[in-house]
Every structure is written in C-alpha cells, then in structure tokens.
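Below are my notes on the structure you asked me to look over. They are set out as numbered points, one topic to each.

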Amino acid sequence: VDQLTTPSDMEGKDDDAAETSKYIKLVSKDGHEFIVDRKCANSSGTIKAMLEGSFSETRTGEIKFPEIDTAILEKVIQYFHYKMRYTNSHVRVPEFHIEPEIALELLMAANYLDC
C-alpha cells in the first residue's frame, strides 16, 4: 500500500465512520491501494460524486478503478495534491510534469475522473 497520507484514520473503522473518514482508499486495476486525503480526492468530480451519493463507495471509503493502471492512478493522485496545493495560491505555480509516454492514458483517466 502506498501511503501518500497517513492511513491511521481508516483502520478499524466501521462503514458509517468511513463516510466521514479523513482518508479514502483508491485501488488500481492491478490491485495497488493508495490511501488518499479525502479533500484531495474530491478534486475529481467522479470521486466526489461516488463518495457523496448512495453508492457502496460512500459506506466503505474505497473506490476500485478496474480500468486504470497503477502508474496512471498514482500520477492522477499526484495531480490531486498539486491542484490542492496551488489552487488560489499567490506563488508562482510550477509546471506539472507529465511523461509523454503516459500522456494519452492519463488524459483518458482524467476525462473519466472529471479532474
């Protein structure tokens, strides 16, 4: 499990607590699990809708992406943190580097995730 943030809030929680947990779990098609700050993940319109709607993801705090590779999901999560850090910032915003070989797959994932 890659820990982009501390997952301690998720362990030992029941389904009701998962709805209000500070962290959620995103799972790639390869089964790789990422523990992500809920506020960062809400940069995605799709994830936000899944967590606020009447979906099982709302109760469990876990979202599986059976069509998104680990490397692509990791880059998307990096973008969530980048966006949260620099939105409404008064400092110079650095470029968000994207490797050319993953650009198309990343674009498709970003389109699906609405981010």
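This is a predicted model: local features need pLDDT of at least 70, side-chain atom pairs count only at pLDDT 80 or more; totals for chains, interfaces and linings use all residues.

1. How many residues of β2 (residues 23-27) are buried? The count is 5 of 5, so the strand is mostly covered under the cut-off of under 20% relative accessible area. In a regular strand the side chains alternate between the two faces of the sheet. In β2 both faces are covered: I24 and L26 are buried on one side, and Y23, K25 and V27 are buried on the other. Note that a lysine, K25, is among these buried residues.

2. For the overall layout, the protein chain has 6 helices and 4 strands. Read from the N terminus, the order of elements is β-α-β-β-α-α-α-β-α-α. Of the 115 residues in the chain, 37% are buried.

3. A search of the whole structure gives 5 aromatic pairs. In one of them, Y82 and Y86, the ring centres are 5.2 Å apart and the planes stand at 55 degrees, so the pair is classed as tilted. Y82 and Y86 are 4 residues apart in helix α5 (residues 70-86), which means that about one helical turn separates them. Ring pairs link Y79, Y82, Y86 and F96 into a cluster. F96 has a further contact: the charged end of K75 sits over its ring, 5.0 Å from the centre.

4. The largest pocket holds about 170 Å³ of space. Which residues line the largest pocket? They are F65, P66, E67, I68, I72, E105, M108, A109 and Y112. By class, 7 of the lining residues are nonpolar and 2 are charged, with no polar residue. Helix α6 (residues 103-113) gives the most to this lining, with 4 residues.

5. N88, in the loop between α5 and α6, has a phi near 60 degrees, which is a positive value in a residue other than glycine. D114, in the segment after α6, also has a positive phi, of about 55 degrees, and is not a glycine. Are these residues buried or exposed? N88 is exposed, with a relative accessible area of 71%. D114 counts as exposed too, at 51% relative accessibility; the cut-off for that class is over 50%.

6. A last point concerns E52, which is found in helix α3 (residues 45-52). At 57% relative accessibility, E52 counts as exposed. E52 and N42 are 10 residues apart along the chain, and their C-alpha atoms are separated by 9.9 Å.

Key
Residues are numbered from 1 along each chain as its sequence is written. Side-chain values use heavy atoms; hydrogens and water are left out. On a 1 Å grid over the protein atoms alone, a cavity is a set of points where a 1.4 Å probe fits but cannot get out, and a pocket is an open set with protein on both sides within 12 Å along at least five of seven lines; lining residues have an atom within 4 Å of a point. Grid points are joined across faces, edges and corners, and a volume is the space filled by probe spheres set on the points. Helices (H or I, at least four residues) and strands (E, at least two) are DSSP runs, numbered from the N terminus. Ala, Val, Leu, Ile, Met, Phe, Trp, Tyr, Cys and Pro count as nonpolar, Asp, Glu, Lys and Arg as charged, and the others, Gly among them, as polar. Rings of Phe, Tyr and Trp (its six-membered ring) pair if their centres lie within 6.5 Å; planes under 30 degrees apart count as stacked, over 60 as edge-to-face and the rest as tilted. A charge sits over a ring if NZ of Lys or CZ of Arg is within 6 Å of the ring centre and within 35 degrees of the ring normal. Buried means under 20% relative accessible area, exposed over 50%, partly exposed in between (1.4 Å probe, protein chains only).
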